[in-house]
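Visitor: I am new to this structure and would be grateful for a close look at a single part of it. Please begin with the pairing of strands and proceed from there.

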Amino acid sequence: MTPAGALLAAHDLRKAYGPTNALDGAEFSIHPGEVVAVMGPSGSGKSTLLHCLAGIVPPDSGSILYNGHEMATMSDARRSALRRSEFGFVFQFGQLVPELTCVENVALPLRLNGTSRKEAERTALSWMERLEVDGLRGKRPGEISGGQGQRVAVARALVTNPRVLFADEPTGALDSLNGERVMELLTEAARSANAAVVLVTHEARVAAYSDREIVVRDGKSRDMERIV
Amino acid sequence: MSIGHTLLGLLESGPRHGYDLKRAFDEKFGHDRPLHYGQVYSTMSRLLKNGLVEVDGIEAGEGPERKRYAITEAGVTDVQRWLATPEKPEPYLQSTLYTKVVLALLTHRDAAEILDTQRSEHLRMMRILTDRKRKGDLADQLICDHALFHLEADLRWLELTAARLGKLAEAVVR
């Protein structure tokens, strides 16, 4: 059953890798503008859940509805288009193209969607300002710090105005202060754009930036808000 | 927290009235728990009796007389000694949560449920503190960080215990 008004909802998701059940009947739902933390120990199935929700990995069974449409019945082209324009992604590291400047990196998703260079870089700069990294526009990823790089990556993930931002351990490679700043800016920017954020983390301090949490253990998920 | 030492320390920058002391204390350290006037005056009487402060002047006002207190040499030494003495680390060996988990296992109740519910409650508090920190000044941030790190430590214990429930169950019912 899909919770009313959910932007993205999954029901009874199952996914096995060989003999391992990465997902074993997981449930999930998120509303527009909501930040949901997906927590759980290493190997619990958190990242697999994110990959299935984002259409990167197909589940073995179960349903995923995005905006009321079943993802499994979408064509590959439609799913790719979704990932390019309606979903944004932030990972732990290694996301920026080293040969491009920061502003070119942020503008890249728009360029891939056919936006002119001038227009793409103008939009990219406005996002870089919100993430407080506009001063790095001409630098290449190798010339900036990890915290700055992560903020550039967040700007790039939001530049297409995605409806869902998927963040997998976005502060995992940062120290506490940089991690907190990234989380503050990420959640502020996402909320102001009314984007939903699926935040995979094992860190409670990062999860504390969410509106509610879902706990994944042994491939099963528990929505704590509906339990407490 | 030692209110006496804190008030003494506040007096080191110069003599103050009881009211000013309360205001300075509340502003810097009171936050959710401001001092009562009664606490200030009883503390100052004790410090006076012990020779750690002296009355620097008395002003007649509309209400009760307004004493101005100054720290003495002995008071400065006392503050110095207090600051230099490390606080005893809290050993956290008496955990209600541990007791609840073990009791749940002994009585064949769902211990994982207890841990999950507690995690959720901890996170709820962490969200409140994170929000307060985001809106607050540097002092607020430091206070909230202290609380957040402690809650985080609890949560790590909850996770670890959740991962060890099977073994713990075997050990306690043996």
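This is a predicted model: local features need pLDDT of at least 70, side-chain atom pairs count only at pLDDT 80 or more; totals for chains, interfaces and linings use all residues.

**A sheet in chain A and its surroundings**

Guide: Strand β1 (residues 8-17) of chain A pairs with strand β4 (residues 61-66) of chain A in the antiparallel sense, over five bridges. Within the pair, A:A10 stands opposite A:I64, a residue of β4(A). These two strands belong to an open sheet of four strands in chain A, whose order is β2-β1-β4-β5 and whose pairing is antiparallel. At its edges lie β2 (20-30) and β5 (69-70) of chain A, each of which pairs on one side only.

In chain B, attention may turn to a pair of helices. The axes of α1 (residues 3-11) and α4 (residues 73-84) of chain B come within 9 Å and cross at roughly 120 degrees; α1(B) is therefore oblique to α4(B). The crossing of α1(B) past α4(B) is left-handed. From α1(B), the residues B:H5, B:L8 and B:G9 make the contact, and from α4(B) the residues B:G75, B:D78, B:V79 and B:W82. By class, this contact of α1(B) with α4(B) has three nonpolar, three polar and one charged residues.

How values were computed. Residues are numbered from 1 along each chain as its sequence is written. Chains are lettered from A and ligands numbered from 1 in the order in which they are written. Axes are lines fitted to C-alpha atoms, for helices over the stretch in contact, and angles run from 0 to 180 degrees between N-to-C directions. Angles under 35 degrees count as roughly parallel, over 145 as roughly antiparallel, 65 to 115 as roughly perpendicular and the rest as oblique. A crossing is left-handed if the near helix is turned anticlockwise from the far one by less than a right angle, and right-handed if clockwise. Two residues are in contact if their C-beta atoms, placed from the backbone, lie within 7 Å. Ala, Val, Leu, Ile, Met, Phe, Trp, Tyr, Cys and Pro count as nonpolar, Asp, Glu, Lys and Arg as charged, and the others, Gly among them, as polar. Two strands pair if DSSP finds at least two bridges between them.
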